[in-house]
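Follow the backbone and the aromatic side chains of this model in turn.

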Amino acid sequence: MSKRLLPAALFAALPAVLIAGTPGAALPVPGDYKAIGDTKTVALDPARSYLIVQTSSASSMYSFPIAFIRRPDKADIDDYLARRKAALDKAHAKWTGKHASWVKQAADWDKLPKQDRAGQPRPAEPVEPTDLNLAFPAIEQEGIVIIGPFNRFAKANGRSTFLHAVPPGRYAFYGPINIAAAAFGTCMCMGSIEFEVKPGQIVNGGMMTINFMAERAKAKAEGRPVPKTETDLPPDMNTISWEVPVAGYAVDPRLSAYTIVPAELHATGRIPNYYGLMIDRLTAIPGVLDYDRDRIIDVKAKPAG
């Protein structure tokens, strides 16, 4: 059974290495991702992959972008490692020159009489850049895909629909997060879902609901007390829920000529909180995602042996 954890408890449960991220990561190259807007007719390229994501009408009131992380493949990793090495080589070359200057400055300071050193601290040795301390975005930060809240494809039946051309790959839901300027939102760091978008597929990823807004609307309609904060949500409900897509669901009449594949959702492990945001985890999804205290349970995983 899932139990909602408050942000402070979640931070305490998260290893420190996952909290210390690198801000200001580059967003995806514009040509790699394309939003399909609300036009009268739609012509999709059969050679490209597309991702459909929906939000409930209550969630759209927040106008949050929906962030996914595209898991890097071998080609991505090879390219990343090459660029990282080049950056490290460049940083080390600069350090070499600075260190040589420091050696001379430190030697000169050591020769000063004690009385002449007053108010002149010994020059600090520059830190040698290494692979561990290099200021370089993590590879998954470079694969962050932002969907919405602009360029909406459709709005109907209490849902906002977004349609994006995306590179094929495996996508993990990162949360309702805006990282374009000052990062804000909530990271699904402690439990989320992921799914695959294969080449040439149009994949329906499902629907995100921001539960606080949805529960407020529901309470008003039923004439009962309205939740005042997220702590008033039911104990088995976290801030965000995800609806599993179903086969044959008619997303929009303009897509009736295309084959839409429902995403095969799987639980994903903890995700680094690269931007120091509030953190939470998706509400448990029957048949997909569950929790045992702070342990993530992949319901679809086959038992060992």
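Arg-293 counts as exposed at 70% relative accessibility, where exposed means over 50% relative accessible area, buried under 20% and partly exposed in between, with a 1.4 Å probe and protein chains only. Arg-293 sits in the loop between strand E15 (289-292) and strand E16 (295-298) and, although not a glycine, has a positive phi of about 60 degrees. Strands (E, at least two residues) and helices (H or I, at least four) are DSSP runs numbered from the N terminus. The model is predicted: local features need pLDDT of at least 70 and side-chain atom pairs count only at pLDDT 80 or more, while totals for chains, interfaces and linings use all residues. Residues are numbered from 1 along each chain as its sequence is written, and side-chain values use heavy atoms, with hydrogens and water left out.

The loop between E4 and E5 also holds Asn-151, a residue other than glycine whose phi is positive, near 55 degrees. Asn-151 is exposed, with a relative accessible area of 52%. Pro-149 is found in the loop between strand E4 (144-147) and strand E5 (154-156), and the peptide bond from Gly-148 to Pro-149 is cis, with omega near 0 degrees.

Asn-273 lies in the loop between strand E13 (266-268) and strand E14 (278-279) and is buried, at a relative accessible area of 0%. A polar atom of the Asn-273 side chain lies 3.4 Å from the backbone nitrogen of Gly-276.

Turning to the rings, Phe, Tyr and Trp (its six-membered ring) pair if their centres lie within 6.5 Å; planes under 30 degrees apart count as stacked, over 60 as edge-to-face and the rest as tilted. The count comes to seven aromatic pairs. Phe-68 and Phe-195 form an edge-to-face pair, 5.8 Å centre to centre with 75 degrees between the planes. Phe-68 lies in strand E3 (residues 66-70) and Phe-195 in strand E9 (residues 192-197), so the pair ties together parts 127 residues apart in sequence. Phe-68 is buried at 0% relative accessibility, and Phe-195 is buried with a relative accessible area of 0%. Tyr-174 and Tyr-274 form a tilted pair, 6.4 Å centre to centre with 55 degrees between the planes. Tyr-174 lies in strand E7 (residues 169-178) and Tyr-274 in the loop between E13 and E14, so this pair ties together parts 100 residues apart in sequence. Phe-68, Phe-173, Phe-195 and Trp-242 form one aromatic cluster.

Key. A polar contact is a pair of N or O atoms within 3.5 Å; within protein, one must be able to donate a hydrogen and the other to accept it, and residues adjacent in sequence count only if both atoms are side-chain atoms.
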